[in-house]
Every structure is written in C-alpha cells, then in structure tokens.
Amino acid sequence: MHTRLISRPNADTLLVYFAGWGTPDSVAETLVPADADILLCSDYRDTALDFDFGRYRRIGVLAWSMGVWVAERAMQGVKVDWAVAVNGTGLPYDDQFGIPCAVFDQTLARFDERNRAKFEQRMCADADSLAHYRRLDGHRTHESLHNELRFLHQAVQADRRTDLLDWHEAWTGLRDRIIPAANQSAYWQSRCPVTEFDGGHYPHRHWPHWNEAA
C-alpha cells in the first residue's frame, strides 16, 4: 500500500482516505479542513498500513470503492471516531452485494489500455466528471494497475469477512455503473444510514464534507 501524509501544524485530528483501485490519491486532497492532517492511502498490492495513530485525538475514515474493503483490514485495532463509505461495500466481489463476479473476472482478463479507458468512462457519470478525473495528477502505469487489480481479485475472494470497521454512513451513486446502486443498498441497508446522490461511481461534486461526516 502506498501512503502519503499531508500535515498541518499542531493538528490533533487525522482523516484517513482510502482510494479506489487504480485512482490517484489527489482526488481527496481538497476535501479536508485546514486544521486536520490527512493520510492518503492507495495502490493496493497489499493491505498493510504501517502508521502511528497515537498522536491524534480524533480519527476519521473516508473510503471509496475498493477502498472500503481495504479500510476494513488496514484499520483493524485503530479507534475510529467516524467512518464513511462511498460507492463501495465490504463484499466487492459478489453478485448481490458488490461488483458482479463475471464482470470483475472479465475486467482482469481483458485489462489493456483500451479497456482501461472504457473503465474510466463507465466510472464517470458524464463528460465533465471524466474530464475532471483525467486531469488529476498521479495516474500510474498500466503494469502497476494490472498488478494491483490482480492482487485485489485474489484477495477479496480469499477474505470475505465483513463488518471489521464500524461504518457510520454509506454514500451511494444512483448512476454507478461499476458497483450497481441496488447492490450497494442491499449491502448497507441493515448496517448504517445510506445517503443517495445523483452521480456515478466517481463521486465528482458529490463527496461528503469532512466536517459533516465528523
């Protein structure tokens, strides 16, 4: 796992962001208040998170897409004050509660530059969201994305434990073409409150505000 810490002077609040598969951590840089640190987590070729959380009085988690599954493993044993999941579930490889298994399998088997571009188009609800996403810094090589997807494909099937983190809210895009909104709703309905928004898998303009989540 790749991590990057953005520190503010004397901050006693830490916000931990878990990115989606293959997405740049710069997505979340502008989401945090000026008086909090943010730990940006991405590039999941393992789920180990080596970080000292002891200096912080309050800790929040925001996880997007595949980051929801990763967050549940990486944050075990850490006292979290609030946690919000966006367009993700604890069972990301699942016909009822996550990405349909055949779709996940095909994404890995057919992954190339052309299909990567098609995936980004499906991820974004409209042309404005796609243009915004593609302007972000930090896009990685095709090989590194494929390796990360291969690891996640194996790991989410091998470890189907759920509820390893106490989620306080889930946000679901009604036009999500990666993890169907109906599957997300089925997963979260008995676990925590759900906020629906009119957007796609990439929640451009629809991120929860940290202060509201906290």
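Here is a short tour of this predicted model, one selection at a time.

Before you click: residues are numbered from 1 along each chain as its sequence is written, and side-chain values use heavy atoms, leaving out hydrogens and water. Because the model is predicted, local features need pLDDT of at least 70 and side-chain atom pairs count only at pLDDT 80 or more, while totals for chains, interfaces and linings use all residues.

**Stop 1: the sheet**

Show the cartoon and look for the strands. Helices (H or I, at least four residues) and strands (E, at least two) are DSSP runs, numbered from the N terminus. Seven strands make an open sheet in the order β1-β3-β2-β4-β5-β6-β7, with mixed pairing; two strands pair if DSSP finds at least two bridges between them. At the edges you'll find β1 (2-6) and β7 (194-197), each pairing on one side only. From one strand to the next, the twist averages 15 degrees.

Now select 82-86 and 169-173. These are β5 and β6, which pair in the parallel sense over 3 bridges. Pick out Val 86 and you can find its bridge partner in β6, Trp 171.

**Stop 2**

The whole structure holds 13 aromatic pairs. Rings of Phe, Tyr and Trp (its six-membered ring) pair if their centres lie within 6.5 Å; planes under 30 degrees apart count as stacked, over 60 as edge-to-face and the rest as tilted.

Select Trp 21 and Phe 111. Their ring centres are 5.6 Å apart and the planes sit at 65 degrees, so this pair is edge-to-face. Trp 21 is in the loop between β2 (13-18) and β3 (37-42), and Phe 111 is in the loop between α2 (101-109) and α3 (113-123), so the pair ties together parts 90 residues apart in sequence.

Trp 21 is buried at 11%, Phe 111 at 7% and Phe 119 at 14%.

**Stop 3: one face of α2**

Select Cys 101, Phe 104, Thr 107 and Leu 108, which are buried in α2. Look down the helix axis: the buried residues fall within an arc of 130 degrees, so they line one face. That arc is of the directions from the helix axis to the C-beta atoms. Their cover includes α3 and α5 (142-158).

**Stop 4: Cys 124**

Finish in the loop between α3 and α4 (127-134), where Cys 124 sits. Cys 124 is buried, at 4% relative accessibility. Not counting residues up to four places away in sequence, it touches Ser 129, Leu 130, Tyr 133 and Tyr 202. Tyr 133 and Tyr 202 also belong to a cluster linked by ring pairs, along with Tyr 17, Trp 64 and Trp 207.

Conventions. Axes are lines fitted to C-alpha atoms, for helices over the stretch in contact, and angles run from 0 to 180 degrees between N-to-C directions. Buried means under 20% relative accessible area, exposed over 50%, partly exposed in between (1.4 Å probe, protein chains only). Contact means heavy atoms within 4.5 Å.
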